[in-house]
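Here is a short report for a first look at this structure. The sequence and model come next, followed by notes on selected parts.

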Number of protein chains: 2
Amino acid sequence: MLDDRKLEVLRAIVEDYVSTNEPVGSKVLVERHHLGVSPATIRNDMGALEDEGYITQPHTSAGRVPTDKGYRLFVDKLSTVKPLTPAERRAIEEFLRGAVDLDDVVSRTVRLLAQLTRQVAVVQYPSLSRSSVRHLEIVRLSDTRLMVVLITDTGRVEQRVVELPGPLTEDEVAELRTDFNSRIAGRPLADAASLVTDLPETVPAAARPTLIAVLATVLETLVERVDERVVLAGTANLARGSALDFPGTIRPVLEALEEHVVLLRLLGDTADPQTVHVSIGGENPHAGLQTASVVSTAYGANALASLGVLGPTRMDYPGAMGAVRAVARYVGQILAEA
Amino acid sequence: MLDDRKLEVLRAIVEDYVSTNEPVGSKVLVERHHLGVSPATIRNDMGALEDEGYITQPHTSAGRVPTDKGYRLFVDKLSTVKPLTPAERRAIEEFLRGAVDLDDVVSRTVRLLAQLTRQVAVVQYPSLSRSSVRHLEIVRLSDTRLMVVLITDTGRVEQRVVELPGPLTEDEVAELRTDFNSRIAGRPLADAASLVTDLPETVPAAARPTLIAVLATVLETLVERVDERVVLAGTANLARGSALDFPGTIRPVLEALEEHVVLLRLLGDTADPQTVHVSIGGENPHAGLQTASVVSTAYGANALASLGVLGPTRMDYPGAMGAVRAVARYVGQILAEA
DNA sequence: CTTGGCACTCAACGGTGCGGAGTGCCAATC
DNA sequence: GATTGGCACTCCGCACCGTTGAGTGCCAAG
């Protein structure tokens, strides 16, 4: 159905349209891509491509523009991930190395990605799930209030305040601290919860309600889906492209970006850190993102966090995929070392 | 120079323009605001107001639009802060009460403010400066790496990783922990730094380099300007208004919003929690915000944090000021209780 | 000082005509 | 059968134009 030249034509159309942001016609196509044939031939091919739904014309006497389906084919079959230049790689590494803690790593990563791709960058926090408890600190704020601080071996810190049913002395708090730590310190988070559920039975009945309150909070901290945190950068890039990129207004896109749940769903599709996932236009579940594409991948040792970029469907996919892949690798590396 | 009626005319122009988003002419003005005079009289007044630079015409045969100077006069002399309705107050209180920790308070606050004002909301984290050290936790990550966790009485948690010049045993770490805590626990952050600077002199020379490394990080944590953290919400509101609000594109505004330093400067003007500060158009230092206004105030017991909203100069100032003031009060209240 | 009248200005709008880019189709050619 | 040049056709974009109407500034009268 689609011979090699037709595919080549599609590739040329996508590349031209992405770089010029103008519907591309048969004439300019043969000029810029020195395909060895005449415009008329290209026109025939374009007709075929249009029949198959890979390209479309905005109006009768205009050039062609790729459809979502066209971009999909381009990404799947016609393009290769564009590796970064050594200079870029050095810059990335250097920039990320300067981070002082996890928050800083994430924040640098997202800014870096936005700058490299000139799109909106999204980074999800690395997940707790596979990490282990380094230390559980319990601090007495007042007679009836405690603060629980969980520290993991990945450097993550989670805190919670507990309101107690009754007063507690400093000594009792110290005891609680040792009780919990002796059971869960060094254990993976996933296992930790089950290791403390029987704690209430080991103490006198009088102390039980208090312990149960603390336990509830500790469990909450252990299983909390902190990986639901996301960070954004580069939203100004949305206003960069022409009016063609986002019909009418970028408002629905900005709205979608503020709904973190939506973002998480977009990023969530990505499971394997080796592959870069691309979601194009109408493939996105969210109504406000029908003209947007997302390029994402998983990162980190445990591959439970992900990052990516979001932009108009008219996006430099090979470049974005290259940047996303490279950044994900470097971040993973940095996190593994920390 | 400007008699009462002229001021009344200015007020009417501002209010009309803000609500209709269209340059307002003399005729519609007398109709909608039943000033007891004819359009011709109003025209004379408008002429005077224009001569003084309070209003301007986009083009010859159009109505008048307030200038920055006009908005300034309106805000300073012609308007009163619009209090929220009891229903709104209840909703705010209820929403903020649901917060589980400081991060949650901040995140709820910013979303709330964005929704109430339909503008971009900015909330700066409450400052550490006036709070005290609740606890300083030092955790041994490996032979040569420590994690320092500072917990304040305001519920804030700051963490840092320290690379040590030489290895340290668990016992030595425990000793460090007690050394530091005995000196600074319960002390205000502002004083804490000076209380530990002489620590190195109290230990054997061999242990000194290590202690100095730890000390450096602890000091950094103590004085760190965490109040430089800001959170945003409602950026989609920028794309709501007409093209008149932000000439050309909202891009420079989005860019400015990503530069947290800029935001901090904007919010920083606010010192007194009792007053609401307004910065209009050209009064803003940043080039990208020449057509934007910021309404902000300080909040919290120590009045060292601030929050506000940002929108086009064509903004409902009384409403925004009311919302900002009310939200600041409620947040301050909640933080004081916590 | 206020007001009605009036001439003037100018953005916005709809209609018209033209040029050009790009297409689809067809017959001729390789 | 694929390729190609030719050609008629479509239709966007643009410039031009007159009309309309909102709004103004000014002036003379009240």
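## Terms and model

Helices (H or I, at least four residues) and strands (E, at least two) are DSSP runs, numbered from the N terminus. This is a predicted model: local features need pLDDT of at least 70, side-chain atom pairs count only at pLDDT 80 or more, and totals for chains, interfaces and linings use all residues. Residues are numbered from 1 along each chain as its sequence is written, while chains are lettered from A and ligands numbered from 1 in the order in which they are written.

## Around DNA strand C

A residue is near a strand if its C-beta atom, placed from the backbone, lies within 6 Å of it. There are 21 residues around DNA strand C. Gly25(A), Ser61(A), Val37(B), Thr60(B) and Ser61(B) come nearest.

α2 (26-33) and α3 of chain A, and α3 of chain B, each supply at least two residues of this surface. The largest share, five residues, comes from α3(A). By class, the surface near DNA strand C has six nonpolar, eleven polar and four charged residues. Ala, Val, Leu, Ile, Met, Phe, Trp, Tyr, Cys and Pro count as nonpolar, Asp, Glu, Lys and Arg as charged, and the others, Gly among them, as polar.

## Around DNA strand D

DNA strand D also has 21 residues around it. Here Val37(A), Thr60(A), Ser61(A), Gly25(B) and Ser61(B) come nearest.

α3 (39-51) of chain A, with α2 (26-33) and α3 (39-51) of chain B, each give at least two residues. α3(B) gives the most to the surface near DNA strand D, with five residues. Six nonpolar, eleven polar and four charged residues make up this surface.

## Leu113 of chain B

Leu113(B) is found in helix α6 (residues 102-117) of chain B. Leu113(B) counts as buried because it has 27 C-beta neighbours inside 10 Å; the cut-off is 20 or more other C-beta atoms within 10 Å of its own, all placed from the backbone.

Not counting residues up to four places away in sequence, Leu113(B) touches Ala121(B), Leu307(B), Val309(B), Ala323(B) and Val327(B). Contact requires C-beta atoms, placed from the backbone, within 7 Å.

## Two helices of chain B

The axes of α7 (residues 170-184) and α8 (residues 189-196) of chain B come within 9 Å and cross at roughly 130°. That makes α7(B) oblique to α8(B). Axes are lines fitted to C-alpha atoms, for helices over the stretch in contact, and angles run from 0 to 180 degrees between N-to-C directions. Angles under 35 degrees count as roughly parallel, over 145 as roughly antiparallel, 65 to 115 as roughly perpendicular and the rest as oblique.

Phe180(B), Arg183(B) and Ile184(B) in α7(B) meet Ala192(B), Leu195(B) and Val196(B) in α8(B). By class, this contact has five nonpolar, no polar and one charged residues.

Note on methods: Buried ≥ 20, exposed ≤ 12 C-beta atoms within 10 Å, placed from the backbone. Contact = placed C-beta atoms within 7 Å.
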